Amino acid sequence: MKGRVRWVGERQFVAESGSGHTVVMDGPPEHGGRNIGIRPMEMLLLGLGGCSNFDVINILEKARQAVESCEVFLEAERADEEPKVFTKIHLHFVVKGHNLKETQVKRAIDLSAEKYCSASIMLGRAGVEVTHDYEIVELSN
């Protein structure tokens, strides 16, 4: 896996993934940025959410669950002192669909957290307390 991050002025950067996708990152105005892009630590947090949500959907579809949507809401705490690393991250999944089995949803989230989500496992091994919970929303026909 490769990537490139190029400084484009002030506190703005353009990041390009090895697969050719780009994203703008920027800092807050109080640190010289113009607030025109996502913060680098936000990117890390969202990467965790994307990695885990990818796993959950994949596992639920393989289990033939009728998933219509899956959102993960992330909340993180950071250390007060430099380096301001993540200390806690909580993932709250909202899974919507038809006749979803709670055991399958729980299993998918647990498998992501314990076996498949490289981002979650890496952060956990680095000392971040990563927790998760979920709610299931039954959609009417």
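The sulfur of C117 lies 3.0 Å from the closest cysteine sulfur, in C51, and that is too far for a bond. The bond in question would be a disulfide, which is a covalent bond between the sulfur atoms of two cysteines. Here, a disulfide is counted when a pair of cysteine sulfur atoms is within 2.5 Å. A search of the whole structure finds zero disulfides. C70 is in no disulfide either, and its nearest cysteine sulfur, that of C117, is 12 Å away.

Before going on, keep in mind that this is a predicted model, in which local features need pLDDT of at least 70 and side-chain atom pairs count only at pLDDT 80 or more, while totals for chains, interfaces and linings use all residues. Residues are numbered from 1 along each chain as its sequence is written, and side-chain values use heavy atoms, with hydrogens and water left out.

Are these cysteines buried or exposed? C117 is buried, with a relative accessible area of 0%, and C70 counts as buried at 13% relative accessibility. (Buried means under 20% relative accessible area, exposed means over 50%, and partly exposed is in between, using a 1.4 Å probe and protein chains only.)

Now let's turn to two helices. Helices (H or I, at least four residues) and strands (E, at least two) are DSSP runs, numbered from the N terminus. Two packed helices are described by the angle between their axes and the distance between the axes. Helix α2 (residues 102-116) and helix α3 (residues 118-125) pack at an angle of about 60°, with their axes 7 Å apart. That angle makes α2 oblique to α3. As for the terms, axes are lines fitted to C-alpha atoms, for helices over the stretch in contact, and angles run from 0 to 180 degrees between N-to-C directions. Angles under 35 degrees count as roughly parallel, over 145 as roughly antiparallel, 65 to 115 as roughly perpendicular, and the rest as oblique.

Which residues make the contact? From α2 come A113, E114, K115 and Y116, and from α3 come S118, S120 and I121; contact means heavy atoms within 4.5 Å. Q12 is in strand β2 (residues 12-17) and counts as buried at 7% relative accessibility. Leaving out residues up to four places away in sequence, Q12 touches R6, W7, M25, D26, R34 and I36. A76 lies in strand β4 (residues 66-78) and counts as partly exposed at 34% relative accessibility.

Finally, visit the loops. N35, in the loop between β3 (22-25) and α1, has a positive phi of about 60° although it is not a glycine. R64, in the loop between α1 and β4, also has a positive phi of about 60° without being a glycine, and R64 is exposed, with a relative accessible area of 77%. In the loop between β4 and β5 you will find P83; the peptide bond from E82 to P83 is cis, with omega near -5°.
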